[in-house]
Amino acid sequence: MVLNGIDSIAKYRHLFAGKRVGLITAPTGLTRNFESTITILHEDFNLAAMFSPEHGVRGDLDAGALVDTYTDPITNVPVYSLYRKDSKRLTKDMLKEVDIVVYDIQDIGVRYYTFIYTMLYALEDCANAGVEFVVLDRVNPLNGVTVEGNILKPGFKSFVGNYELAARYGLTAGEIATMADDQMNWNASLHVVRLEGWERSVSFPDTGLTWVHPSLGIPRYETALLYTGTCLFEGTNCSEGRGTTFPFEMIGAPFIQAQELADEMNAKGLPGVCFRPVHFKPTSSKHQGELCGGVQIYITDIQALKPLEVGVTLLFTIRDRYEQFSFLPPLKEGSRPFIDLLGGDSIYRTEHIQAKQLLEQFAEESKQFADMKKQYHLYL
């Protein structure tokens, strides 16, 4: 049986007893039996404050929506925002309210997913303030072995990539916290409440755990797996499927001919996937209300699938076939184009580079990261 950190919290009561506890969590902060981490810490300990990441502690906010400070109506505990317009950090005033900060959010194992940076910012802030930090560890749903993609370059840091991770990094949140604390010399008072029964090679479907979507855009495990590659479309003028029932599984645009794209992609023989021509009208986000042609990606073999290869190959195929394709401009003046922030590099916009070249370069960086990260493994 696989147990996440919260399932074993009774063994770690000494960490929380007699302390004012602060909690960073989201709707995925649940035990195997769907009991909320909020409820457990509120009833068994002194839950003094909560700190809200993107989407809110109870998941009632959409992607990118700013979070206000408020009082949680169920526990009457104050909730302070870690997703403000001017900052994503814990302030000194917030940290005066607590003696220890606990992090419990399900990650999806991909660099361009903001929860990990909420954790790392908070870890650094707690280290600077002398406040203890606890990670209630959770499984990496994509497994803890496979590494894909390039390593983020220092000049391309943002809230969708603020640490030098590979695109798919094969670590748990607790392992990332341990690695960052060591590499950045934060000297935090860090505790990891470890997983039980999980082996690195195990992907989510084999854990026996129930999938709870970590955000509205990741409704299924298959979505999380494909997101490794298809999230890159957020940096383009193609719909990544937001506003449909299959975000990050359907890719399209008004200028795409669905059948010809599906035929071309299937002809490439990418392992573990097939492509079905689709037409859809997003109800929100890019091309809202417009008829888009495109493809739906079906996973046929989880073990054979290389999701970043799928995303990169699809992106470059659309780029080369349709002159209407473009990368989106920077979100604000002086910023980099969003594809650079997602990609951790400007290489995606290199005009003449092809998918095969890019993936060969990425393979070298993946190997470097995979070798380096082994020293921070907490699980076999």
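**Reading a sheet, a helix and some cysteines**

Guide: In this predicted model, β10, β12 and β11 make up, in that order, an open sheet of three strands with antiparallel pairing.

Visitor: Which are the edge strands of the sheet?

Guide: They are β10 and β11 (273–280), each of which pairs on one side only. From one strand to the next, the twist averages 25°.

Visitor: How many bridges join β11 to β12?

Guide: Eight, between strands that run antiparallel. Arg276, for instance, has Gln296 in β12 as its bridge partner.

Visitor: Which helices lie on the sheet, and at what angles?

Guide: Helix α7 (residues 258–267) packs on the sheet and touches β11 and β12; its direction makes about 170° with that of β11. Helix α8 lies across β10, β11 and β12, and runs at about 160° to β12.

Visitor: Which residues of α6 are buried?

Guide: Tyr221, Thr223, Ala224, Leu225, Leu226, Tyr227, Thr228, Gly229 and Thr230 are.

Visitor: What covers the buried residues of α6?

Guide: The cover includes the strands β7 (148–151), β8 (166–168), β10 (250–253) and β12 (292–299), together with helix α8 (307–321).

Visitor: How many disulfides are there?

Guide: First the general idea: a disulfide is a covalent bond between the sulfur atoms of two cysteines. With a cut-off of 2.5 Å between the sulfurs, the count here is zero. Cys231 is in no disulfide, and its nearest cysteine sulfur, that of Cys238, is 14 Å away. For Cys292 the closest cysteine sulfur is also in Cys238, at 8.7 Å, which is too far for a bond.

Visitor: Are Cys231 and Cys292 buried or exposed?

Guide: Cys231 is buried, with a relative accessible area of 0%. Cys292 also counts as buried, at 0% relative accessibility.

Visitor: Where is Asp68 placed, and is Asp68 buried or exposed?

Guide: Asp68 sits in the loop between β2 (46–52) and β3 (70–71). Its relative accessibility is 59%, so Asp68 counts as exposed. Beyond its neighbours within four places in sequence, Asp68 is in contact with Val79 and Ser81.

Visitor: What does UniProt place at residues 225–379?

Guide: The unreviewed UniProt entry places there the feature "domain: Peptidoglycan beta-N-acetylmuramidase NamZ C-terminal". In the model this span is 36% helix and 13% strand, and its end C-alpha atoms lie 21 Å apart.

Technical notes:
Residues numbered from 1 in each chain as written. Predicted model: local features only at pLDDT ≥ 70, side-chain atom pairs only at ≥ 80, totals over all residues. Heavy atoms only, no water. Buried < 20%, exposed > 50% of the residue type's maximum accessible area, 1.4 Å probe, protein only. Helix = DSSP H or I, 4+ residues; strand = E, 2+ residues; numbered from the N terminus. Contact = heavy atoms within 4.5 Å. UniProt positions renumbered as here; feature names shortened; annotations may be inferred. Pairing = 2+ DSSP bridges. Axes fitted to C-alpha atoms, helices over the stretch in contact; angles between N-to-C directions.
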